[in-house]
Amino acid sequence: MDQNQPAVTQGVVVEEQLELTLLELCQASHAEEAFVIRWVREGVLEPLGESPQNWRFRGDALRRAQVAWRLSRDLEINPSGVALVLDLLDELQALRARLDRTGKH
């Protein structure tokens, strides 16, 4: 390898390639199926597929389901409130990333 050439590292983000069924998502997030179905209706989670039996969730849905479950269980926030909180958290994360890119803190 030429020492003047930067090393190239390749990796795979497993989260993006992972697909979970409704049952698998519930088991992995410890969330009840009824909550997950309500979160889908509220737009918290966006599965592929037409019906709960055919739904497939991308890996990033697992983190959202875990946070949604904690908000529901620990803070007793209803599904609409969970959707709002997660939207605000997403917006906060985007703003922080933007600040990091501009170097202004």
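The largest pocket is lined by Gly43, Val44, Leu45, Glu46, Phe57, Arg58, Asp60, Ala61, Arg63 and Arg64. This is a predicted model, in which local features need pLDDT of at least 70, side-chain atom pairs count only at pLDDT 80 or more, and totals for chains, interfaces and linings use all residues. Residues are numbered from 1 along each chain as its sequence is written, and side-chain values use heavy atoms, with hydrogens and water left out.

A pocket is defined on a 1 Å grid over the protein atoms alone, as an open set of points where a 1.4 Å probe fits, with protein on both sides within 12 Å along at least five of seven lines; lining residues have an atom within 4 Å of a point. The volume of the largest pocket is about 180 Å³, taken as the space filled by probe spheres set on the points, which are joined across faces, edges and corners. Helix H4 gives the largest share of the lining, four residues. Strand E2 and H4 each supply at least two. Helices (H or I, at least four residues) and strands (E, at least two) are DSSP runs, numbered from the N terminus. By class, the lining divides into five charged residues, four nonpolar and one polar. Here Asp, Glu, Lys and Arg count as charged, Ala, Val, Leu, Ile, Met, Phe, Trp, Tyr, Cys and Pro as nonpolar, and the others, Gly among them, as polar.

Helix H2 spans residues 22-29, and its buried residues are Leu22, Leu25, Cys26 and Ser29. Seen down the helix axis, these buried residues fall within an arc of 100°, so they line one face of H2. The arc is that of the directions from the axis to the C-beta atoms. An α-helix has 3.6 residues a turn, so residues three or four places apart point the same way. Leu23 and Gln27 are exposed on the other side of H2. Buried means under 20% relative accessible area, exposed over 50%, and partly exposed in between (1.4 Å probe, protein chains only). The buried residues of H2 pack against strand E1 (19-20), helix H3 (33-42), E2 (57-58) and H4 (60-75). Contact means heavy atoms within 4.5 Å.

His30 follows H2 and lies in the loop between H2 and H3. Its phi is positive, near 65°, in a residue other than glycine. Most residues other than glycine have a negative phi. His30 counts as exposed, at 61% relative accessibility. Glu76 also has a positive phi, of about 55°, although it is not a glycine. Glu76 sits in the loop between H4 and helix H5 (79-102). At 70% relative accessibility, Glu76 counts as exposed.
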